[in-house]
Amino acid sequence: MPDAARTTPELFDKVVNLCKRRGFVFPSAEIYGGFRSTYDYGPVGVLLLRNVKEAWWRSMVQLRHDVVGLDASILSPPAVWEASGHLASFTDPLVDCRNCRERFRLDKLDDPDVCPNCGAKESFTEARQFNLMFKTHAGPVENEGAVAYLRPETAQGMFINFKNVLETSRKKPPFGIAQIGKSFRNEITPGNFVFRTREFEQMEMEFFVPPAESQQWYEYWCQERYRWYTDLGIAEEQLRLRPHDDDELSHYSSGTSDVEFLFPWGWDELEGIANRGDFDLTAHAKHSGEKLEYFDQAAGERYVPHVIEPAAGATRTAMAFLMAAYDEEEVEREGQGKGESRVVLRLHPRIAPYKVAVLPLSKNEKLVPVSREVLGTLQPLFMCDYDETQAIGRRYRRQDELGTPYCVTVDFETLEDRAVTVRNRDSMVQERVALADLAAYLTEKLV
Ligand code: ATP
């Protein structure tokens, strides 16, 4: 697909359509008319999202010796958010248009004097600071003492467990705590499909370092995180690392860069990497009365570690992978030689929902048992799809639209030669592979 087509509204519509049609993402509570920008991940969407999170965990935890995991609670008491500063300042500026009554986030408007909905000029009310946290009550009594918040980020779970992890994990700075999980923000203007929703998933890591090393680690994590996206197949032309201007920086941050992706509507954030100094640990130490510091025995000194935080959105990133992978091309109709256009998701195999699809050429009673046998050998190794109805060409197209890297076709020859046809998603080249070699053949290509 030409580069210019990647920034058109048509691409956005095509991907959103494909998501519904093929079972990636459904509007939530659809049979009741949907519910305010919430979405459900369908049979293939759930696999995609799991693969995104798994790829992150693999690179951030499994392949390192200096990062450990955590799964903290979503509900937490006001004290946490008082200390973190979220109660006082996790707000967005909200304006109402007096003409059409629509609400907007002032800092996201192209022109702060023109309503993008009705075009009215200078129709906005004064901006009000709107706190984005969801408030609820824990227990049966709805009084002030029972107030709890749904976390708006996973990060605080890592800070408030700093001491627990330090004491139990045998790690010392520089080391990190990583977490993947749901976060909730009462966004004023959710939108752009799953890009901005009120309920979403984050992948965050807090990396605790000796203060003198913070700049060096900040730069390291900016590069590492950028590379994670390109390693998983996002083209460099569609990805950039953008350092924040001084006026964008939070008061505690001495450096923040965003990894941005070229979405159909322009460059937008996938992840923020921030040098947060000692802000978080110091704030929680002060409010809780616990010492949140590290005693370096070798140097005989005690210090509050500084924190480098790469904070990414899992659901937003899954969407970026879909946008980046979407492609259309003219191809010969397999076996018939006529021109046809096909849609293919060129997803990295690690991200693709299914790695392999097993397809008996027909539902013939002789082919089905062998196909089930092939499926049975591959299933323990890879997430597989199995599909035995419709013409084979249409089944290939379906797998192309799901991004399945390999299709394995069982035909009548298989019964004679104990071999199958393996079709490559991107090149559409077909190869004959002996059943005895199939698992090794696919493992080499997929793992
Ligand atoms: P924005 O300025 O877009 O509201 P942010 O800078 O406040 O986002 P962070 O607090 O840095 O976002 O969150 C880290 C990551 O979590 C973001 O880069 C994004 O990928 C994801 N994220 C944040 N808010 C949402 C949301 N409402 N829906 C989906 N993903 C989100």
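## The loop between strand 1 and strand 2

Ser37 is located in the loop that links strand 1 and strand 2, where helices (H or I, at least four residues) and strands (E, at least two) are DSSP runs numbered from the N terminus. Its phi is positive, about 55 degrees, although Ser37 is not a glycine. Ser37 counts as partly exposed because its relative accessibility is 26%; buried means under 20% relative accessible area, exposed over 50%, and partly exposed in between, with a 1.4 Å probe and protein chains only.

Ala29 is found in the loop between strand 1 (25–27) and strand 2 (39–41). Ala29 likewise is not a glycine and has a positive phi, of about 50 degrees. With a relative accessible area of 32%, Ala29 is partly exposed. Most residues other than glycine have a negative phi, and most peptide bonds are trans.

## Basis of the model

This is a predicted model, in which local features need pLDDT of at least 70 and side-chain atom pairs count only at pLDDT 80 or more, while totals for chains, interfaces and linings use all residues. Residues are numbered from 1 along each chain as its sequence is written, and side-chain values use heavy atoms, with hydrogens and water left out.

## Overall architecture

The protein has 13 helices and 24 strands. Its C-alpha atoms fill a box of roughly 75 × 65 × 50 Å along the principal axes. Of the 447 residues, 51% count as buried. The accessible surface comes to about 21700 Å², and 49% of this belongs to carbon and sulfur atoms; accessible areas come from the Shrake-Rupley method with a 1.4 Å probe, and for residues only the protein chains shown count as cover.

Among contacts (heavy atoms within 4.5 Å) between residues at least 6 apart in sequence, 64% join residues at least 24 apart. A cis peptide bond, with omega about 0 degrees, joins Pro173 and Pro174. Pro174 is placed in the loop between helix 6 (162–169) and strand 10 (175–184).

## Surroundings of the ligand

A polar side-chain atom of Arg196 lies 2.8 Å from an oxygen atom of the ligand, and an N or O atom in the side chain of Arg185 is 2.9 Å from an oxygen atom of the ligand. A backbone N or O atom of Phe195 lies 3.4 Å from a ligand nitrogen atom. The protein covers 85% of the 600 Å² of accessible area that the ligand has on its own.

## Nonpolar cores

The largest nonpolar core has 60 residues, and those with the most contacts inside it are Phe24, Trp228 and Phe261. Such a core is a set of buried Ala, Val, Leu, Ile, Met, Phe, Trp, Tyr and Cys residues joined through side-chain atoms within 4.5 Å. Apart from this core lies another, of 22 residues, among them Leu378, Tyr386, Val408 and Leu435. In soluble globular proteins, nonpolar side chains tend to be buried together.

Beyond its neighbours within four places in sequence, Phe261 is in contact with residues including Ile234, Trp267, Leu270 and Met323. Ser371, in helix 10 (residues 367–378), counts as buried because its relative accessibility is 0%. Leaving aside neighbours within four places in sequence, Ser371 is in contact with Val358, Pro360, Tyr386 and Val410.

The buried residues of helix 11 are Arg395, Tyr396, Arg397, Gln399, Asp400, Glu401 and Leu402. Just after helix 11, Gly403 takes a positive phi of about 85 degrees.

Thr404 lies in the loop between helix 11 (392–402) and strand 22 (406–410), and at 1% relative accessibility Thr404 counts as buried. A polar contact of 2.6 Å joins the side chains of Thr404 and Gln399. Not counting residues up to four places away in sequence, the residues that Thr404 touches include Tyr354, Val356 and Arg425.

Methods: A polar contact is a pair of N or O atoms within 3.5 Å; within protein, one must be able to donate a hydrogen and the other to accept it, and residues adjacent in sequence count only if both atoms are side-chain atoms.
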